[in-house]
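Dear colleague,

Please find the structure below, with the findings set out after it.

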Amino acid sequence: MTTAPSSFVKGLEGIVAAQTEMSHIDGTAGILEYVGISIGDLSKHSTFEETVFLLWNKRLPNSSELGSFTSDLRANYALPEGFVERISSLPTSAEPMHMLRTMVSALAMYDDNPNDNSVEAARAKALKILGCAPAIVAAFDRHRRGLAPVEPDTSLSFSANFLYMLNGEKPTDAMTRAFDICMITHADHGLNNSTFTARVVISTLSDLYSAMTAAIGSLRGPLHGGANEGVMKMLNQIPTIDDAEAYVMGMIERKERIMGFGHRVYKAKDPRAAELMTLAKQLADDTGNSDLYEKSHKIEQVMEREYAAKGIYPNVDFYSATTYHCIGLKLDLFTPMFALSRIAGWSGHVIEQLADNRLFRPKAEYVGDHDVPYTPINDR
Ligand SMILES: CC(C)(COP(=O)(O)OP(=O)(O)OC[C@H]1O[C@@H](n2cnc3c(N)ncnc32)[C@H](O)[C@@H]1OP(=O)(O)O)[C@@H](O)C(=O)NCCC(=O)NCCS
């Protein structure tokens, strides 16, 4: 039997499997742009609502377009009738990412036409999921704390409304802005694993809910969005700044992965990490968490000394951990926060895929035996 030369690429590294107009990454220069605008500019000047409009429409809105997009999103803040009762019946021990994956999937059953894959319908569904996902996370977190859910407030922005529904009180402008910057920086990132997952699912002409559900399942892995929780666990295990170097060196000696470092595409510092580092420092100073920031910064210095030559630098998850902690979020809500924002990117990619779809169907290289005789069961 002749064997063709293998074209197998483990992990699909470097393979271009889709085209997008949403985000551009230059992993060598450490650049991320949404529709050509740098993530630094968007973090400084934009809002999450404006960023989502940008991603979904491939241009910035004028003020009346932004106003109407914002009201459309706010009109979707509320959960469908009877949905909060479902959330309140879930085990309080459930992990929020499992809960979120399940409840986003459940939203399909509250949609009169869940399988409508016209671009117009997909946009409406995307707005619904993005609009009400914060209410799902907030209602569940309150349920497990034995608290009644808080109705959304449509006078508030996406970020302020989430923090309000979670805590039962309106957040300060500083906290809202910090959270909004997190939402902006996590909204889209090329063909990352969960986005690829969403595009693969919709390429069968399944439905947007299935694509989002699968993407949430992908995101929660510790090598992807789950890394932000891993970072916080590591920070919690390091008693003081003085212990940080020995702790990290121990991990390196044991050949353990340091969460929040390394990236398939970036071989320079992830520009989102640079934005979040500045934010984390400010928030840590403002909330009495300077030690946490200093520990993170020390770890970054040690990693730079040990690993920069290998192109391993902090990624988006490294400083988002300190940021989320300072905003007052519980550890197991960190990855759901990533999901809330990334719904924007996933759905934008699904819409792009639907607009020019071809089924994803790669091949596997068979590496097993051939011509194996069938052995009857009694002879095995
Ligand atoms: C993100 C990640 C999965 C990308 O990995 P990848 O492109 O598949 O690269 P590989 O897993 O093949 O790793 C390449 C090398 O770098 C090392 N490496 C990569 N990330 C590392 C990390 N965070 N800590 C220690 N070593 C790391 C690997 O051990 C491997 O070393 P080797 O060549 O000596 O075996 C990887 O960097 C990682 O596991 N990071 C930690 C998890 C994380 O922060 N994920 C969030 C990404 S946004």
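Among contacts in the chain between residues at least 6 apart in sequence, 77% join residues at least 24 apart; two residues are in contact if their C-beta atoms, placed from the backbone, lie within 7 Å. This is a predicted model, in which local features need pLDDT of at least 70, side-chain atom pairs count only at pLDDT 80 or more, and totals for chains, interfaces and linings use all residues. Residues are numbered from 1 along each chain as its sequence is written.

The chain has 16 helices and three strands (DSSP runs numbered from the N terminus: helices are H or I of at least four residues, strands E of at least two). Its radius of gyration, taken over C-alpha atoms, is 22 Å, close to the 21 Å that the globule rule gives for 380 residues, so the chain is as compact as a globular protein of that length. The rule is 2.2 Å times the number of residues to the power 0.38.

The domain assignment, which is automatic or from a database, gives domain 1 (19–173 + 187–221 + 341–355) and domain 2 (227–327). Their centres, taken over C-alpha atoms, are separated by 26 Å. To the contact, domain 1 brings 11 residues and domain 2 nine residues. On the side of domain 1 that touches domain 2, β2 (31–34) and α1 (39–45) each supply at least two residues, and α1 gives the most, with three residues.
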